[in-house]
There are 2 protein chains.
Amino acid sequence: MSDNKLTAQDTDFSAWYIEAIQKAELMDYAPVRGCIVFRPDGYELWERIQAGLDRRFKETGHRNAYFPMLIPSSFFEKEKEHVEGFNPELPWVTEAGGEKLEEKLALRPTSETMIGYMYSRWIQSYRDLPLLLNQWANVFRWEKRTLPFLRTSEFLWQEGHTAHADEVEAREETRRMLDIYAEFAESEMAMPVWTGQKTPSERFAGAVDTYSIEAMMKDGKALQAGTSHFLGQNFAKGFGIEFLDRDNVRKFVYTTSWGVSTRLIGALVMVHGDDKGIALPPRLAPTQVIMIPIGPPKSREKVMAKCTQVYGELKAAGIRVQSDEREATPGWKFNEWEMRGVPLRLELGPRDVENNQCVLVRRDTGEKMTTSLDNLAVYIAHLLETIQINMFQKALAFRAENSHLHLDTLEELVMHIARAEAAGTNAGWVLGGWCGSDECEMKVREETKFTTRNIPFAPPARKEKCLVCGEKSSQEVWLARAY
Amino acid sequence: MSDNKLTAQDTDFSAWYIEAIQKAELMDYAPVRGCIVFRPDGYELWERIQAGLDRRFKETGHRNAYFPMLIPSSFFEKEKEHVEGFNPELPWVTEAGGEKLEEKLALRPTSETMIGYMYSRWIQSYRDLPLLLNQWANVFRWEKRTLPFLRTSEFLWQEGHTAHADEVEAREETRRMLDIYAEFAESEMAMPVWTGQKTPSERFAGAVDTYSIEAMMKDGKALQAGTSHFLGQNFAKGFGIEFLDRDNVRKFVYTTSWGVSTRLIGALVMVHGDDKGIALPPRLAPTQVIMIPIGPPKSREKVMAKCTQVYGELKAAGIRVQSDEREATPGWKFNEWEMRGVPLRLELGPRDVENNQCVLVRRDTGEKMTTSLDNLAVYIAHLLETIQINMFQKALAFRAENSHLHLDTLEELVMHIARAEAAGTNAGWVLGGWCGSDECEMKVREETKFTTRNIPFAPPARKEKCLVCGEKSSQEVWLARAY
């Protein structure tokens with residue numbers, strides 16, 4: 001049992017986050033630099049994210065496989081940009097089995113190279129294409145600044161890797177998987193996202209085009225929550241992935257890769273949490289309903305009997321219910337389970353038993369309602385869906401409030417940020433026009449610390465001029481501070 | 001499409017195994033010493049093993065968590081036998097992020113140390129006990145001789161780690177999990193196993209008692225297919241896992257650990273495979289029914305229409321069915337799918353369509369039957385269960401035939417092995433009496449290469465005298481050559 005007081009989000013969002021995820025027992029720090037332990041409630045969120053995505057991957061024709069974690073150092077040399085992007089962050093195995101290795105082995109930061117090597121052996125003919133594989137695995141990036149779930153030395157993820165006979169099909173795959181991430185984020189995580197294209201400077205090392213889903217956290221910062229890459233023939237050429245096409249000509253394949261990671265757990269917390277603690281959407285919550293028996297000792301037996309009955313009914317209906325029968329005050333328990341983000345609380349006292357009713361309290365709104373015990377499971381199943389939808393709507397409203405569409409020049413952006421800082425509020429996201437030049441992109445970054453998040457496919461407004469240089473803008477770009 | 005000819009099992013079992021798993025596309029060799037790639041059909045077997053075990057773990061109150069893969073070298077020093085057992089096999093990370101590490105980090109061979117460290121932080125009171133966690137993870141053991149699935153540098157496994165307030169409860173847990181492994185192996189893998197205790201020389205490094213399930217492969221050798229360890233207070237003392245008990249006294253917890261790995265995939269192949277290839281039990285097979293349309297081109301349309309209908313019916317009934325509509329002869333396809341171990345083949349030709357029937361061919365018996373298409377899904381679901389049970393019975397009969405219960409002296413054992421070698425058959429397993437001394441155990445090993453597998457809880461015969469020294473035997477022990 002833990003002390004429930006958290007730093008307020010407005011006081012120090014980072015402190016709130018670190019306290020919230022530890023007190024909710026999602027994670028703990030590990031005795032290895034930048035590594036965390038995923039505790040059961042944190043890991044179960046990942047298991048539910050896995051299940052939801054894995055089903056979607058399989059429905060779209062992908063199968064899972066598993067490739068070695070250790071990657072020979074020479075493999076990184078085969079794609080020039082890739083090695084430059086990842087080399088600084090790699091941990092290396094240099095000794096094993098009591099001997100120094102002849103070639104050192106990297107702990108995978110991502111598996112394009114290893115999978116590229118295997119694909120070059122497996123793919124011979126157009127009949128072997130498309131090859132649609134996915135891997136669930138641990139990966140390593142030895143980054144300087146770490147933050148639990150968002151950026152850790154070791155993390156868990158999935159990485160899809162596909163090979164195709166032609167560019168059109170590979171590009172379709174890239175977008176299809178991005179759309180799956182967006183649909184999953186919105187329907188299961190209740191987290192609205194913008195799908196769009198990354199600017200060249202923010203591309204994956206080795207990609208031709210990178211697409212992302214970007215979500216707004218409660219501090220107004222952006223989180224890149226998933227990416228999908230069109231790799232063109234870069235890795236195919238690096239690893240010699242060739243096939244004999246129908247026209248009897250040997251050609252290089254086109255490849256894609258796409259991934260989401262355990263940073264989605266951090267996203268869930270930062271999108272839905274409040275000063276009471278984390279708040280979990282019902283579709284992913286390990287516990288959807290927490291039952292709390294109430295009342296004086298003399299009524300205990302009667303209340304507990306009814307609790308057991310209600311528990312059984314909810315369980316039988318497939319609702320993830322837990323009953324808190326510990327020795328502690330109801331008030332303490334209310335705080336505890338709000339802090340842990342359980343979507344719905346069910347209170348049952350002696351008077352409720354007499355009146356064949358219970359009290360339900362929603363985590364998302366705080367709304368308290370007295371409800372008949374008749375058909376309770378059906379009622380609660382509907383209510384959980386309502387909560388799921390309301391959490392999405394709340395996040396959508398928050399995002400709209402903190403999205404600024406009417407800033408047209410860099411000066412206006414600088415002013416906007418200064419005003420927000422003075423008021424102690426967040427500056428949110430800004431949709432700017434962009435001429436497409438690196439110079440303008442870098443200038444915004446230097447002067448405001450805002451970076452380009454993505455170029456949304458369906459921008460909420462049109463911008464005729466570049467926010468920086470005022471020249472004709474060919475596209476809109478989301479600008480924000482980012483994790 | 002591949003050449004289907006395999007080396008016969010009797011000619012060279014090892015060659016047969018290596019060819020069978022590659023041609024069935026369960027695995028491929030990777031460009032890293034002792035590592036393999038789990039291809040989709042191999043990985044899907046693991047996914048089904050995971051699903052079956054994970055459900056059983058959760059039903060018995062365990063939850064999953066995830067701990068860092070990298071373990072500081074100092075952690076291994078805290079349990080003396082543990083470090084001696086694992087140190088020679090460890091790969092080490094010595095550099096990361098462009099710098100040499102101050103303390104080198106091992107790639108986990110197992111996680112007692114890391115989890116012991118975390119448990120010492122989480123466990124304070126008897127209220128925190130029992131703590132019942134499991135982890136699905138990759139682990140590393142840099143062994144000299146490697147064999148795909150059975151012994152690889154990197155492999156996948158689950159490791160359960162539990163902490164208890166008292167010894168009785170911890171010992172019960174150790175046995176409960178062993179029983180779960182045995183029940184899973186027999187009912188889902190159709191693989192009979194002997195549950196029993198390992199001799200002291202075969203114990204896990206750091207355990208007080210180790211229990212195992214042992215299975216007989218088709219070459220008569222034994223495979224340790226799962227282990228469960230009672231660790232006593234060894235790791236609790238090494239890592240300071242203490243709790244305040246109800247009586248207000250600080251005590252060390254008792255811990256257990258238990259695991260099975262991707263070697264179970266190898267076991268499946270070696271228990272059920274034959275000269276035609278691998279053979280998969282229906283409950284785990286990625287594809288349960290392979291449909292093969294037959295007949296001349298002119299009847300193709302009619303046959304394909306019926307195939308589509310039957311496919312839909314089977315799919316809707318939850319049967320994992322695939323239809324092979326490639327351009328190849330039926331005979332070639334029959335061999336291909338027998339080699340890949342699909343439990344049931346469904347042939348459909350023009351005459352079958354006219355007669356509202358199909359031909360079913362069982363992989364386990366070769367039996368061919370003509371069956372009405374009416375209620376086909378129900379019929380096939382039953383038939384798959386029949387095949388599952390028959391595969392278990394076949395394996396049980398094979399084990400019985402190759403288990404030798406009537407050898408009473410080392411001389412008889414030596415003779416038995418010599419006779420088997422002369423006849424070119426396998427010597428199988430031998431149940432011997434054992435006085436319990438290390439000397440007798442070592443003597444058998446030196447003279448016969450047979451090692452003690454386990455001391456079965458329910459031996460199929462009583463042995464009054466030690467097979468080696470002739471002294472009074474307190475127990476029976478399985479002796480065999482082992483993987």
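Visitor: How many bridges join strand S22 (residues 451–452) of chain A to S24(A), and which way do the two run?

Guide: There are 2 bridges, and the strands run antiparallel. Strands pair if DSSP finds at least two bridges between them. Strands (E, at least two residues) and helices (H or I, at least four) are DSSP runs, numbered from the N terminus. One more thing before we go on: this is a predicted model, where local features need pLDDT of at least 70, side-chain atom pairs count only at pLDDT 80 or more, and totals for chains, interfaces and linings use all residues. Residues are numbered from 1 along each chain as its sequence is written, while chains are lettered from A and ligands numbered from 1 in the order in which they are written.

Visitor: Which residue of S24(A) is the bridge partner of A:Thr451?

Guide: That's A:Ala480. S24(A) also has 5 bridges to strand S21 (residues 429–434) of chain A, again antiparallel, and there A:Trp434 has A:Gln475 as its bridge partner.

Visitor: Is S24(A) mostly covered or mostly open?

Guide: Mostly covered: 5 of the 6 residues in S24 (475–480) of chain A are buried. Buried means 20 or more other C-beta atoms within 10 Å of the residue's own, exposed means 12 or fewer, and partly exposed is in between, with C-beta atoms placed from the backbone.

Visitor: What is the strand order in the open sheet of 6 strands?

Guide: Read it as S4(A)-S6(A)-S5(A)-S5(B)-S6(B)-S4(B), with antiparallel pairing. S4 (70–72) of chain A and S4 (70–72) of chain B stand at the edges with a single partner strand each, so one side of each has no neighbour in the sheet. Within chain B, 4 bridges join S5 (91–96) to S6 (99–107), and B:Trp92 stands opposite B:Ala106.

Visitor: Now a helix. Which residues of H9(A) are buried?

Guide: A:Lys306, A:Cys307, A:Val310 and A:Leu314. They cover an arc of only 110° around the axis, which puts them on the same side of H9(A); the arc is that of the directions from the helix axis to the C-beta atoms. On the other side, A:Glu301, A:Ala305, A:Gln309, A:Gly312 and A:Ala316 are exposed.

Visitor: What covers the buried residues of H9(A)?

Guide: The cover includes strands S15 (289–293), S16 (321–323) and S17 (344–348), plus helices H11 (350–354) and H12 (376–401), of chain A. Contact here means C-beta atoms, placed from the backbone, within 7 Å.

Visitor: What follows H9(A)?

Guide: A:Gly318, whose phi is positive, near 85°.

Key: Two residues are in contact if their C-beta atoms, placed from the backbone, lie within 7 Å.
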